[in-house]
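Colleague: Could we go through this model together? I would like to begin with the strands and then turn to the aromatic residues.

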Amino acid sequence: MDSIGYEHAFASNIAYIFEEDGYDKAEEELKKEFPNYTLDKELSDNYSITIVKPDGETILAYRGTDFTRADDLMADVVIASGLYKTDVVQYIQLPNGAYEYLPSGLTRFNLSQRKYEEVASKYGDKITLTGHSKGGTLAHHIGRINKKPSYVFNKGSVPNLYGEVYESDSNTYLVEGDIISNYATTYTPKDKIKFIPQTASTAHSLQNFLNKDNLPNKLMIQDTTFTDKEVIKKICKEFPELCPKGE
């Protein structure tokens with residue numbers, strides 16, 4: 001994993017923590033890894049969270065599926081079937097636990113776009129988008145229609161049956177063998193796809209992308225001499241342009 005990928009994978013995980021344990025715990029976990037980052041409480045909820053970086057840039061992270069939530073499962077069905085394009089009615093779970101049906105036009109994609117517009121209105125357009133699984137699907141979609149970069153992890157994808165061309169600046173991180181994201185490569189430019197080895201118990205888990213044993217960034221590589229053959233092998237795989245042929 002490269003450093004910017006790890007940063008966004010971590011943000012995607014904070015979205016899960018927020019939904020599971022609330023704002024205080026999510027903010028606490030965020031600052032353990034990125035002490036100078038803050039979580040915007042007003043622009044964070046059970047579906048997405050907004051992280052503000054020291055330079056004022058923001059990361060909008062959409063949460064993936066919580067299989068205990070009926071509204072999440074319904075949204076998955078709508079997305080997987082392509083019905084989101086027809087603005088089919090969905091529903092969301094309110095903070096008090098009750099469910100509320102969304103009027104036509106407010107599918108999970110529409111709600112995600114609304115959150116993007118709220119973040120842009122408050123902080124400006126220096127926004128990156130991220131998410132895991134269904135969250136990655138949402139981040140990819142919102143990034144594409146707003147022409148913003150996204151970093152998505154094992155995003156849920158259905159077959160691109162009609163060969164639609166998707167122009168996007170989406171950086172797609174995948175674990176080979178993950179069935180849920182099996183078709184993600186058909187929606188992303190090939191040079192934007194990175195395959196990560198499975199390190200978690202399941203191929204789809206976000207934990208595969210939260211391995212802190214990250215490779216150095218390019219500046220560190222250029223300024224350092226490595227002798228460990230395994231380290232060299234990893235670096236050459238991640239940055240082939242820095243390695244001589246046959247390395």
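**Strands, rings and a helix**

Modeller: Strands β2 and β3 form a hairpin with five residues between them, and Gly56 in the turn has a positive phi of about 90°. Helices (H or I, at least four residues) and strands (E, at least two) are DSSP runs, numbered from the N terminus. This is a predicted model, in which local features need pLDDT of at least 70 and side-chain atom pairs count only at pLDDT 80 or more, while totals for chains, interfaces and linings use all residues. Residues are numbered from 1 along each chain as its sequence is written, and side-chain values use heavy atoms, with hydrogens and water left out.

Colleague: In which sense do β2 and β3 pair, and over how many bridges?

Modeller: Strand β2 (residues 48-52) pairs with β3 in the antiparallel sense, over five bridges. Two strands pair if DSSP finds at least two bridges between them. Ile51 has Ile59 of β3 as its bridge partner.

Colleague: And how does β3 run relative to β6, parallel or antiparallel?

Modeller: Strand β6 (residues 127-132) and β3 run parallel, joined by five bridges. Tyr62 has Gly131 of β6 as its bridge partner.

Colleague: How many residues of β3 are buried?

Modeller: Five of the five residues of β3 (residues 58-62) are buried, so the strand is largely enclosed by the rest of the structure. Buried means under 20% relative accessible area, exposed over 50% and partly exposed in between (1.4 Å probe, protein chains only).

Colleague: Where do Tyr6 and Phe10 sit in α1?

Modeller: They are four residues apart in helix α1 (residues 3-21), which separates them by about one helical turn. Tyr6 is buried at 7% relative accessibility, and Phe10 is buried with a relative accessible area of 12%. The rings of Phe10 and Phe34 have their centres 5.6 Å apart and their planes at 75°, so that pair is edge-to-face.

Colleague: What does the pair of Phe10 and Phe34 tie together?

Modeller: Phe10 lies in α1 and Phe34 in the loop between α2 (23-33) and β1 (38-39), so the pair ties together parts that are 24 residues apart in sequence. Phe34 is buried, with a relative accessible area of 17%. Tyr6, Phe10, Phe34 and Tyr37 form one aromatic cluster.

Colleague: Is Glu7 buried or exposed?

Modeller: Glu7, in helix α1, is buried, with a relative accessible area of 9%. Its side chain makes polar contacts with the side chains of Tyr37 (2.6 Å) and Lys53 (3.2 Å). A polar contact is a pair of N or O atoms within 3.5 Å; within protein, one must be able to donate a hydrogen and the other to accept it, and residues adjacent in sequence count only if both atoms are side-chain atoms.

Note on methods: Phe/Tyr/Trp six-rings, centres within 6.5 Å; stacked < 30°, edge-to-face > 60°.
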